[in-house]
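Hi,

Here is the model I promised to pass on.

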Amino acid sequence: MHTPQQPEEKKQFVREKFSSISTHYDLLNSLLSLHIDRYWRWRTTRQLKHAPNGWVLDLCAGTLPLALELTRQAPGRRVLAVDFCEDMLRAGISRLPKDGVSRRIHPVCGDGEAIPVASSSCKGCTIAFGIRNLGTAERGLSEMHRILEPGGRLIILEFSRPTSPLIKPLYNFYLNKVLPVIAGRISGDKEAYQYLASSIAAFYEPQTLLGLMQAAGFQNVHRIALTFGIVSMYIGDVSTKGNGVA
Ligand SMILES: C[S@@+](CC[C@H](N)C(=O)[O-])C[C@H]1O[C@@H](n2cnc3c(N)ncnc32)[C@H](O)[C@@H]1O
């Protein structure tokens, strides 16, 4: 499989792949992660429990599972859910529960590398399984820093690579051999799930990503590994003096 390396080509490829699997995305997520993805998003949202009111930007929001968890955990919170794949957002909107929780979610079609949101306007920013897909992660991080208020927090949830000698071979076999076949049959797009495996393999080491967060201006950056290190949360705060953006 050929995955484009140039940022603009990669973005187009990624948008097309998510568009093609959008109607099966939620089902496959739950099935292939044995429902553990819900726990990962719950843990991510808990990192914002000190900020239960105001706006949170959920970037690369996809079918809105994290946006829903963010609004469920805090009745005073509003979520701006930004994604550049309209089909993913539409699939999510069509399945939103018809209650007050959903009314606090505001889906917007936009690019994570040029976020259509005013500077210093959000208390929190989350990005679940999205940063790996950006054309240029550094540009996305700088944008996430820009839109956060002084003292605001970013939480990145992303796949990492387990290091345990027991788990690693099993996980690699599942990710590279089992998952693309099952997910390919159900979604009709095997290439999308081959891309998932290859993008996880090619993604930054945790220390490198923490370094990029620091370079973008985030403070107190740290990582919390979950489920044998299959995924990690990366957390960083904007200085209480602000992000330097007027
Ligand atoms: C794996 S999905 C994650 C969806 C959701 N956050 C979740 O937890 O399931 C990645 C999403 O990132 C979006 N995406 C990738 N690059 C993007 C970009 N540059 N700007 C906005 N969205 C982007 C894709 O369209 C896709 O919906």
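Predicted model: local features only at pLDDT ≥ 70, side-chain atom pairs only at ≥ 80, totals over all residues.

Axes are lines fitted to C-alpha atoms, for helices over the stretch in contact, and angles run from 0 to 180 degrees between N-to-C directions. Helices (H or I, at least four residues) and strands (E, at least two) are DSSP runs, numbered from the N terminus.

Residues are numbered from 1 along each chain as its sequence is written.

Helices 3 and 4

Helix 3 (residues 36-46) packs on helix 4 (residues 65-73) at an angle of about 50°, with the axes 9 Å apart. The two are therefore oblique to each other. Contact here is C-beta atoms, placed from the backbone, within 7 Å. By class, that contact of helix 3 with helix 4 has four nonpolar, three polar and two charged residues (Ala, Val, Leu, Ile, Met, Phe, Trp, Tyr, Cys and Pro are nonpolar, Asp, Glu, Lys and Arg charged, and the others, Gly among them, polar).

Helices 8 and 9

The axes of helix 8 (residues 167-187) and helix 9 (residues 190-202) come within 7 Å and cross at roughly 150°, so these two are roughly antiparallel. This crossing is right-handed. Residues of helix 8 in the contact include Leu175, Leu179 and Pro180, and among their partners in helix 9 are Tyr193 and Ala197. Helix 8 also bends by about 40° at Leu179, with a proline, Pro180, following within four residues; the bend is the angle between axes fitted to the seven residues ending at a residue and the seven starting there. Leu175, Pro180 and Ala183 of helix 8 are buried (20 or more other C-beta atoms within 10 Å of its own; exposed is 12 or fewer, partly exposed in between, with C-beta atoms placed from the backbone). The buried residues of helix 8 pack against helix 2 (25-32) and helix 9. After helix 8 comes Gly188, with a positive phi near 80°.

Helix 7

Eight of the 11 residues of helix 7 (residues 137-147) are buried. The buried residues of helix 7 pack against strand 1 (54-59), strand 4, strand 5 (148-159) and helix 10 (206-215).

Loops

Ser121 sits in the loop between strand 3 (105-109) and strand 4 (122-128). Ser121 is partly exposed, with 16 other C-beta atoms within 10 Å. Leaving out residues up to four places away in sequence, Ser121 touches Trp55, Ile147 and Glu149.

Most residues other than glycine have a negative phi. Thr227 has a positive phi near 45°, and Phe228 has a positive phi near 60°. Thr227 lies in the loop between strand 6 (219-226) and strand 7 (231-237), and Phe228 is in the loop between strand 6 and strand 7.

Cheers

Terms used:
Parallel < 35°, antiparallel > 145°, perpendicular 65-115°, else oblique. Left-handed = near helix turned anticlockwise from the far one by under 90°. Contact = placed C-beta atoms within 7 Å.
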